[in-house]
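Please consult the sequence and the structure shown below.

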Amino acid sequence: MDKNTFKRLIFVIIFVVIVVAVILIIQNTNKTEKALKELGYSEEDITVIVEKLSETDIEKILNMEYNQKLASIINAKYYIPDNLDRYLAYSPKTDNIDDIISIVNVGADSEWYTNTEETNLDDGIKMLVNKFHYLKEDYSPDDIVPISNWYAYEGHSTKKEVYDHYISMWNDANELGLVLLVNSSYRTFEEQQEQYDMSNDDYASRPGFSEHQTGLALDIVADGVQGNEFENTDEFKWLQENAYKYGFILRYPKGKEHITGYNYESWHYRYVGKELAAKVKESGLTYDEYYAYYCEYKKAC
Ligand SMILES: [Zn+2]
C-alpha cells in the first residue's frame, strides 16, 4: 500500500467512526425523548430536560413518575444541579417553584437544627451562621472592641471593622436628625446558652447557632422603641435605604421566615462588607439564599 492510499484509508475510517457515533447519539436521544414522552412530559418539557440535565439525571428522571414541576424547577434562576433529588422530593409540598428552590438551597427541607455543619471560618466577614451552620463553643472572634455609650445602650461590643462602619452610618443618620442605638451585639457561646436556657426555640437561637457569636451582628433600634415597632420609625426607613452602603444587611426580613428560620426582626443587622451588602440587597435574596447559591455553589461572592 502506498502512502497516499494509507492516508485515504485512515481518513475513511475516521469518517465512518464519526458518522456511526452521530447516528448512535441521535438514536439514543430519540430513545430518551420517546421514553420521556411516554412518562407524560410535553415537547417543551423534554427540550428543557435534554438540554439542561446530565445523562445520569435524565436516567434518574426516567425511573421516576412524571413530575409536573420538573421543567420549571430546572429552569428556575437559582437551580443548583446537585439539589435535583431534594427539589423533587420537596416539590409536592408547595406549588411555589421559587420556594421549592430556596427552601432546598438553604437546607430548610430538613428540620431546623438537623443536618448541621460547622460554619466555614475561612469566609471571614462573609461567614454564614444559621440554624444549619454553627460556630463551635470555643469560637470567639478577634478584634472585639467596646461600643461607646454614645452609639449604644450600656455594655456592648463588636468587631472593630463593624464598629468603624457602624459609626460612619450613625453619623450620616444623625446628620438627618436620626438616632440609632445598639441594644444587642457580640455574644459569647456561654451568653447565648444563658439566653437560650431562659427562653425557647421560638425566641432564642441555640448556642453556637446565633449570628451574635460572630461579632458581625448588631441589633439596632431607636430610643424607647420595642420589637418590630422599630419598622415604623424614620430610623428603620433610613436603614432600609442606606444600611447596605455601610456593609449592613437586614438579616431576617418579613415573609422569609420559612427560609431564615427566624421571625421577622426589623432590628437585626449583619455586617458583610460594603461590596457584598450591595450585591445581596440588589438580589432581593436573604443571606441564607445568597450564600447557598453565590458563595457556595458559584464560588463567587
Ligand atoms: Zn439580633
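Is Tyr262 buried or exposed? Tyr262 counts as buried, because 20 C-beta neighbours lie inside 10 Å; a residue is buried if 20 or more other C-beta atoms lie within 10 Å of its own, exposed if 12 or fewer, and partly exposed in between, with C-beta atoms placed from the backbone.

The model is predicted: local features need pLDDT of at least 70, side-chain atom pairs count only at pLDDT 80 or more, and totals for chains, interfaces and linings use all residues. Residues are numbered from 1 along each chain as its sequence is written.

**Surroundings of Tyr262**
- Tyr262 lies in the loop between α10 (257-260) and β8; helices (H or I, at least four residues) and strands (E, at least two) are DSSP runs, numbered from the N terminus.
- Leaving aside residues up to four places away in sequence, Tyr262 touches Tyr252 and Glu257, where contact requires C-beta atoms, placed from the backbone, within 7 Å.

**The sheet**
- An open sheet is formed by four strands in the order β5-β6-β8-β7, with antiparallel pairing; two strands pair if DSSP finds at least two bridges between them.
- β5 (181-184) and β7 (248-252) are the edge strands, each pairing on one side only.

**Strand β7 and its partner**
- β7 pairs with β8 (residues 265-271) in the antiparallel sense over four bridges.
- Leu250 has Tyr269 in β8 as its bridge partner, and Phe248 has Tyr271 in β8.
- Five of the five residues of β7 are buried, so β7 is largely enclosed by the rest of the structure.

Technical notes:
Two residues are in contact if their C-beta atoms, placed from the backbone, lie within 7 Å.
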